[in-house]
Amino acid sequence: MKKFELTNETIIRFGRTLYRIKALISFGTVRAGDLGGYVEKEENLSQSGNAWVSGDAWVSGNARVSGNAWVSGDALVSGNAWVSGDALVSGNARVSCDAEITKSTHYLTIGLIGSRNDTTTFFRTKNKEINVKCGCFLGSILDFRLKVKETHASNKHEKVYELACQLAEAQIERLAD
């Protein structure tokens with residue numbers, strides 16, 4: 001039995017049409033008839049378990065949300081990212097690329113920081129490394145540090161971003177689950 005369906009309500013993000021979801025049955029804290037967030041296709045959200053996309057959050061590309069994971073708020077999960085287990089991706093978090101998030105200690109969102117007063121998201125990849133999404137930057141934490149040094153050498157933003165990197169390295173679990 002399907003737990004959700006795509007509605008006719010759509011939004012377009014980065015040239016992709018996303019569909020609001022609607023719960024067909026009650027599960028977890030979701031009740032039959034509840035409207036959720038947006039997905040590009042049914043395969044973005046598992047029809048089993050308590051996984052859900054809510055609020056204005058959206059999931060696109062080959063990204064997948066499963067298990068008991070939730071994507072909520074204004075969060076975005078895209079690319080080949082996996083969000084599963086008991087993970088919660090919320091707020092303004094941006095998770096993409098080869099992210100593998102099975103619990104909330106696999107990512108960290110910090111905001112508003114930097115020269116743009118924007119949200120920066122650190123996340124664990126399928127290779128158990130840490131990647132960063134900050135503005136138009138998406139890449140490894142090492143490349144992020146190099147780019148920050150090049151752009152913000154010896155100013156306040158370099159110091160804040162470095163502290164954020166240190167916090168991410170301390171918080172994000174990278175060992176195999």
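Because the model is predicted, local features are described only where pLDDT is at least 70 and side-chain atom pairs count only at pLDDT 80 or more, while totals for chains, interfaces and linings use all residues. Residues are numbered from 1 along each chain as its sequence is written, and side-chain values use heavy atoms, with hydrogens and water left out.

**The open sheet**

Begin by selecting the six strands that form an open sheet in the order 1-2-3-5-8-11, with mixed pairing. Strands here are DSSP runs of E with at least two residues, and helices are runs of H or I with at least four, both numbered from the N terminus; two strands pair if DSSP finds at least two bridges between them. The edges of this sheet are strand 1 (4–13) and strand 11 (94–95), each of which pairs on one side only. Next select residues 16–23 and residues 35–39, which are strand 2 and strand 3, running antiparallel and joined by three bridges; within this pair, tyrosine 19 has valine 39 of strand 3 as its bridge partner.

**Glycine 61**

Move to glycine 61, in the loop between strand 5 (58–59) and strand 6 (64–65). Glycine 61 is buried, with a relative accessible area of 10%, where buried means under 20% relative accessible area, exposed over 50% and partly exposed in between, using a 1.4 Å probe and protein chains only. If neighbours within four places in sequence are set aside, glycine 61 is in contact (heavy atoms within 4.5 Å) with Arg16, Glu40, Lys41, Asn44 and Gly79. To glutamate 40, which is 21 residues away along the chain, the C-alpha separation is 7.0 Å.

Select Leu45, Val77 and Val89, the residues with the most contacts inside the largest nonpolar core, which has 28 residues; a nonpolar core is a set of buried Ala, Val, Leu, Ile, Met, Phe, Trp, Tyr and Cys residues joined through side-chain atoms within 4.5 Å. The elements giving two or more residues to this core are strand 2 and strand 4 (52–53). Around leucine 45, not counting residues up to four places away in sequence, the residues touched include Phe4, Ile21, Val39, Trp52 and Val65. Apart from this core lies another, of 16 residues, among them Ile110, Val132, Val148 and Tyr161.

**The hairpin**

Now select strand 15 (residues 130–134) and strand 16 (residues 137–140), which run antiparallel and are joined by four bridges. Lysine 133 stands opposite leucine 138 of strand 16, and in the turn of this hairpin, which has two residues between its strands, glycine 135 has a positive phi of about 60°.

**Helix 2 and its surroundings**

Finish with helix 2 (residues 156–171), at whose start a side-chain oxygen of asparagine 155 comes to within 2.9 Å of the backbone nitrogen of histidine 157. Which residues of helix 2 are buried? Glu158, Tyr161, Ala164, Cys165 and Ala168 are buried, and they lie on the same side of helix 2 because they cover an arc of only 125° around the axis, the arc being that of the directions from the helix axis to the C-beta atoms. On the other side, Lys156, Lys159, Leu163 and Ala170 are exposed. The buried residues of helix 2 pack against strand 13 (107–113), strand 14 (118–124), strand 15 and helix 1 (141–152).

Note on methods. Polar contact = N/O pair within 3.5 Å; in protein donor to acceptor, adjacent residues only side chain to side chain.
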